[in-house]
Amino acid sequence: MPTGIFLTFDPWINWGWLSSHVPLFEDALQQHITLTAIAILGGLVLSLPLGVAAHRWRAFRSPVLAVSEIFYTIPSLALFALLIPYTGLTVVTAEIGLIGYSLLILVRNVMVGLEAVPPDVIDAANGMGYRPLARLLRIELPLALPAIIAGIRIATVTTIGLVTVTALIGLGGLGQLILEGFIENFHTPLVVATVLSIALALVADLSLAGLQRVVVPWARNT
Amino acid sequence: MGFLGSVWRWFSDPAHWSGADGIPQRLVEHVQLSAESVAIGALIALPIGIVLGHYGRFGNLAINISNVGRALPSFGILVIAFQVFGLGDFSIVFSLTALAIPPMLTNSYVALREVDPDVKDAARGMGYRELTQVLRVELPLAVPLVMAGVRTSAVQVVATATLAALISGGGFGRYIIDGLAQQDLTKLFAGALLVALLAMATELSLAGLERVLVPRGIRLLRAPVMARATTFKAA
C-alpha cells in the first residue's frame with residue numbers, strides 16, 4: 001500500500017502546534033508593526049517639507065517626481081542588497097528602503113493634495129491677511145489632508161507587504177516565520193504568518209479609513 | 001580599488017557572461033518568467049477591467065481588488081504556491097500572475113470609466129455600435145491609463161521574479177539569493193545592480209511603447225507626469 005504520502009502529509013495548519021506557539025507570532029507581529037510604524041512616520045516627516053517645497057517652487061516638481069519614479073522601480077530586495085555591503089544586515093538597511101518607498105508615495109500625495117486646493121480659497125486667505133506660513137498651516141495643509149491620509153493608507157498597506165521581504169536580511173517580522181516555515185518545510189508558520197500579514201494590512205487600512213472619517217469628515221470618497 | 005572595484009572585476013570576468021549561471025542566461029530566464037506572467041495576467045485582467053469600466057459597474061469591486069492586491073505579501077504567496085504546486089516554473093508564474101492582475105484590472109477599469117460621457121454620446125449619435133464604440137472610441141482614449149497599469153504590473157512582476165530565486169527559480173534573483181547564502185557581497189551587489197537596471201529598463205521601454213500607442217490627438221492633452229490610477233509596490 002503506497003501510504004507513504006499520507007503518513008508524511010503536513011496539514012496546512014497544525015492547530016496543536018499553533019496554540020503552543022502563540023508568543024512566537026506575537027513577537028513577529030510586534031516587530032512587523034514596529035518596522036512599519038518607523039517607515040511610515042519617517043516617510044511622513046521627510047515627505048511633508050519635500051512635498052511643500054516641490055509645491056511652492058515649481059522648478060523642484062519635475063526633478064522630485066522623476067527621481068521618485070526611478071527610485072520606486074528599484075525592487076526592494078535589490079535595494080537591500082545594494083545597501084548590505086555598506087550598512088550590513090541591520091535595521092538601518094531595512095529602514096532606508098522602507099522609509100524611502102513610503103516617502104515616495106507620500107510626497108506625491110502631499111503635492112497632489114496641495115495642488116487641489118482651489119485658487120479661490122487661496123485668494124480668500126490672502127485677502128483675509130494670512131501670511132504664507134500661516135496660510136500653509138491653517139488653510140492649505142488641512143485642505144490637503146484627505147489626499148495625505150489616502151497616501152498614508154497606501155504607504156502603510158504597501159510597507160506591511162514589503163516588511164516580509166526583510167526576512168531575507170534577518171528581520172522580517174511575520175516574514176521571518178514565512179521564511180522559517182519554508183526552510184523547514186513546515187506549513188503552519190508560513191500559512192499563518194501570510195494570513196496575519198494580509199489581515200494586518202487590511203486592519204491598518206480600515207482603521208486609517210476610520211481616522212480619515214473623523215479627521216476630514218467633509219471628504220467621504222477618497 | 002575597494003569594494004566597487006571587486007564588483008567591476010565580477011562584471012568583467014568572462015566566466016560570468018556564459019553558461020547556465022551566466023548573465024545572458026539569467027536575463028533570458030528573468031524576462032521569460034516576467035513576460036509570461038504579465039501576458040497571462042493581461043489576458044485575464046484587461047478584458048474584465050475594460051468591460052466593467054465600460055458599463056461603469058462594480059466599481060467597488062475593482063477598487064477593492066487593488067487594495068487586496070496591495071496587501072498580498074508577494075513573498076508569502078510565492079512560498080505558498082511552492083508548497084501547493086511544488087518546484088518549477090508553474091508555481092512562480094502562478095504567483096506572479098496573481099500579483100500582476102490587480103494593477104491592470106484597476107487601471108483599465110478607471111481608464112474606461114473616465115472616458116468623457118459627451119464623447120460616448122457623440123459616438124452613439126454617429127451611429128457606432130457598442131463594440132465598435134469600445135474598440136474605436138473608448139479604448140484609444142483609455143490607452144494612457146491602461147498602459148500605466150501594464151507598466152506598473154510589469155515592473156512589479158520583474159521585481160517579484162527576483163524573489164522566485166528563493167524557491168529555486170532562475171533569473172537575476174539567483175545572484176542575490178546565492179550571494180546572501182554564500183556571504184559573497186560582490187555577487188550580491190552585482191545581482192542587485194542587474195535587477196535594478198532590468199526594472200528600470202522595463203519601466204522605460206513600456207513608457208516608450210505607451211507613447212507610441214497613444215493616439216496623436218490626445219497626446220497634447222497629457223499632463224507631463226504620467227498618470228497612474230493607483231500606486232503599487234510589491235517585493
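What does chain A average in pLDDT? The answer is 89, and 94% of its residues score at least 70. That matters here, since this is a predicted model. One stretch of chain A stands apart from that average. Over residues 1-7 of chain A, pLDDT stays under 50. For these residues the model has zero contacts beyond four places in sequence. Where pLDDT is low, the predicted coordinates should not be read in detail.

Now the fold of chain A. Its secondary structure comes to 10 helices and zero strands. Read from the N terminus, the elements run α-α-α-α-α-α-α-α-α-α. How does the overall form of chain A compare with a compact globule? A compact globule of 222 residues would have a radius of gyration near 17 Å. Chain A has 22 Å. The C-alpha trace of chain A spans about 85 × 40 × 30 Å along its principal axes.

Next, charge pairs. Side chains of opposite charge can pair when their charged atoms come close. Over all chains, the structure holds 10 salt bridges. One salt bridge joins the side chains of A:Arg61 and A:Glu115, at 2.5 Å from N to O. A:Arg61 lies in helix H4 (residues 58-73) of chain A, while A:Glu115 lies in helix H6 (residues 91-115) of chain A, so the pair ties together parts that are 54 residues apart in sequence.

Then there is the interface. The size of an interface is often given as the accessible area lost when the parts come together. Chain B and chain A bury about 3,700 Å² between them. Of that area, 78% is on carbon and sulfur atoms. In terms of contacts, 41 residues of chain B meet 44 residues of chain A.

How many salt bridges does the rule find across the interface of chain B and chain A? It finds zero. Polar contact between chain B and chain A comes to one residue pair, with both residues at pLDDT 80 or more. Which helices of chain B each supply at least two residues of the side that touches chain A? They are H1 (2-12), H3 (59-71), H4 (74-85), H7 (130-161), H8 (173-181) and H9 (185-213). H9(B) gives the most, with 10 residues. By residue class, the side of chain B that touches chain A divides into 31 nonpolar, five polar and five charged.

Methods:
Residues numbered from 1 in each chain as written. Chains lettered and ligands numbered in written order. Heavy atoms only, no water. Contact = heavy atoms within 4.5 Å. Buried area = accessible area lost by both parts, 1.4 Å probe. Salt bridge = Lys/Arg side-chain N within 4 Å of Asp/Glu carboxyl O. Polar contact = N/O pair within 3.5 Å; in protein donor to acceptor, adjacent residues only side chain to side chain. Helix = DSSP H or I, 4+ residues; strand = E, 2+ residues; numbered from the N terminus. Nonpolar A, V, L, I, M, F, W, Y, C, P; charged D, E, K, R; others polar. pLDDT = per-residue confidence, 0-100. Rg over C-alpha atoms; globule rule 2.2 N^0.38 Å.
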